[in-house]
Amino acid sequence: MSVTERSEQSNTVTEEQARAVAEEARESSWDKPSFGKELFLGRFRLDLIHPHPTPEPEAEATARAFLTRLREFCARLDGAVIERDARIPDEWVEGFAALGCFGIKIPVEYGGLGLSQVAYNRALMLAGSVHPSIGALLSAHQSIGVPEPLKLAGTEEQKREFLPRCAKGAVSAFLLTEPDVGSDPARMASTAIPAEDGYVLDGVKLWTTNGVVAELLVVMARVPESDGHRGGISAFVVEADSPGITVERRNSFMGLRGIENGVTRLHRVHVPARNLIGREGEGLKIALTTLNAGRLAIPAACAAAGKWALKIAREWSAERVQWGRPVGRHAAVAGKVSFVAATTFALESVLELSGRLADQGRHDIRIEAALAKLWASEQAALIADELVQIRGGRGYETAESLAARGERAVPAEQLVRDVRINRIFEGSSEIMRLLVAREAVDAHLAAVGDLADPRAAQMPLGRKARAAAKASGFYARWLPRLVTGRGRLPAAFREFGPLATHLRYVERASRKLARSTFYGMARWQAGLEKRQCFLGRLVDIGAELFAMSAACVRAEALDESARELADVFCRQARLRVARLFDSLWANTDDADSQLAAATLEGRYSWLEAGVLDQSEGTGPWIADWRAGASSERNVARRYLSPSRA
Ligand SMILES: Cc1cc2nc3c(=O)[nH]c(=O)nc-3n(C[C@H](O)[C@H](O)[C@H](O)COP(=O)(O)OP(=O)(O)OC[C@H]3O[C@@H](n4cnc5c(N)ncnc54)[C@H](O)[C@@H]3O)c2cc1C
């Protein structure tokens, strides 16, 4: 099939086909225990996360020494330089490379530092607090770039060839997105056609973080099915200077001004067969599995945002006096300061817990990591917004302008711009909710079998009756267990002191969550998957319960001040959970769907009169993305001299 045919065909991908591709990439088995999965099934398995997992003392000491060196280096850098010049200075990148920051999690035998996920998260927080673009550079390289997929699915030969280069600072990038492929990889148009000794890659990749400066790429492309080739979306390691690769543009964004994010065109790029990662057709599965821990880079960025916002909120709102008292002592501002402090404690607790579970390797953390990504990115955006409000007019003013007037250069508005992307990339919040909901209702789907099939209406009666009998058996055993549990016992979780009440709540809410999922299943059956808002609320409840559990478990291992933070955080979270439970059944979902449909059909376009849309006529919504030779200048550049020499 030609590239043009493929690109035309991708426009006709149906919802069912899109779902089938996502389903194929999903890990269907659960070989290890999962706190998150149990939580959605109404089983609060505190034993899986408590006592707070502790790292090996020796590994902790090595990590501490590295973080001290990193801190000393970062303290000499001024993030305002990146904000002003919209790039990370080359010599800084050299410095990070010399410290080993491009191989933090790469095993020592392959030239890396061999540190843990927890240490990596802490390094991202530290470096990202100079400027979040540095965090993005390091994490796009290590969390989704070449090192992680190779550690996971690479051959020994691939690891020996590429990991030492990555560790030294050969920057890597991950190329999945295309102009027509965002949340839906089934539309992928890039192709990898089998050829002598390898594959020939064609396609256009959009928004490749590090793509402009990368030395190595992970490219996702579709291999057509043919004799001897099972085909499917596959992952390749590609040398970024291969003939036929053109970085046509460096994109600029609302925030993350220093990232080197590009549009990369591949035209007849030859890739040796030995550079295929895993097997043909496994590309998406490898990408998704990589993201299980890879996603934790985003909660790290969010926890760092919370910590910095807390420091500014504390110092500023104690100092700024209006109406006779520091603004932080007015109840309306105090509520915001409390939210920032309590949520920051929970953000770090979620990050630490998820990181430690990842390091232990004994748990399946795909739900925890997805919840952490979703919840942290949503909360950090709220924190940043509240910080701007706490700072008043100065919150809206740029750091440069503040400094020019002789005031402290606090980039609060920059924080809003920088954290906003976390809700969009590496799985948008909407997609994360679908992903977690899919896992949360998995037990139900397995139990009700054919009843959950959208084609159930056309099924023979006998088959439907068999499915109904199987479902009844499952629910007859499962539902009674959701009626009562430890959360009802006044003395349960006593060892947590004043936090015990919150853990009892989590236990009760976890059962209610599972019951609510069942009611949804009973009410909508196959139609449940279309109830995205209902499912999204279930997931958001699960995320709050996970954050509460993480906060209590961590506080218990710390001191009184941590318990105060955890207590107020849990009280705030409980109010959010109560609202979410209420809105499961009392909402405007149906009315919203109708209104949205009518809006899309133009029924209310009269409402748009009276303003101008200056974007109209400036270009199509989606640029022409056909594969072919490039007619653009190659804007690729390197931070460091190539490491192959
Ligand atoms: C700064 C930046 C850096 C990036 N870095 C990389 C990178 O390094 N590598 C890479 O491959 N990609 C990268 N991306 C791409 C990023 O991962 C995508 O933007 C993201 O996956 C969303 O895709 P989209 O923008 O095409 O949104 P779309 O898929 O067009 O979605 C538009 C909206 O619809 C929602 N939506 C879509 N499908 C559904 C559904 N089924 N149900 C409910 N809601 C839905 C989305 O959540 C979103 O709100 C980057 C993007 C940016 C902006």
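Guide: Helices are DSSP runs of H or I with at least four residues, numbered from the N terminus; their axes are lines fitted to C-alpha atoms over the stretch in contact, and angles run from 0 to 180 degrees between N-to-C directions. This is a predicted model, in which local features need pLDDT of at least 70, side-chain atom pairs count only at pLDDT 80 or more, and totals for chains, interfaces and linings use all residues. Residues are numbered from 1 along each chain as its sequence is written, and side-chain values use heavy atoms, without hydrogens or water.

Helix 13 spans residues 331-360, and helix 7 covers residues 117-128. The two pack with axes 8 Å apart, at an angle of about 145 degrees. From helix 7, Q117, V118, N121, R122 and M125 are in contact (heavy atoms within 4.5 Å) with E348, L351, E352, G355, R356, A358 and D359 of helix 13. This contact comprises five charged residues (Asp, Glu, Lys, Arg), four nonpolar ones (Ala, Val, Leu, Ile, Met, Phe, Trp, Tyr, Cys, Pro) and three polar ones (the others, Gly among them).

Helix 13 also packs against helix 22 (residues 532-557), with axes 8 Å apart and an angle of about 85 degrees. Helix 13 is therefore roughly perpendicular (65 to 115 degrees) to helix 22. On the helix 13 side, the contact involves F345, A346, E348, S349, V350, E352, L353 and S354; helix 22 contributes F546, A547, A550, A551, R554 and A555. Nine of these residues are nonpolar, two polar and three charged.

Notes
Angles under 35 degrees count as roughly parallel, over 145 as roughly antiparallel, 65 to 115 as roughly perpendicular and the rest as oblique.
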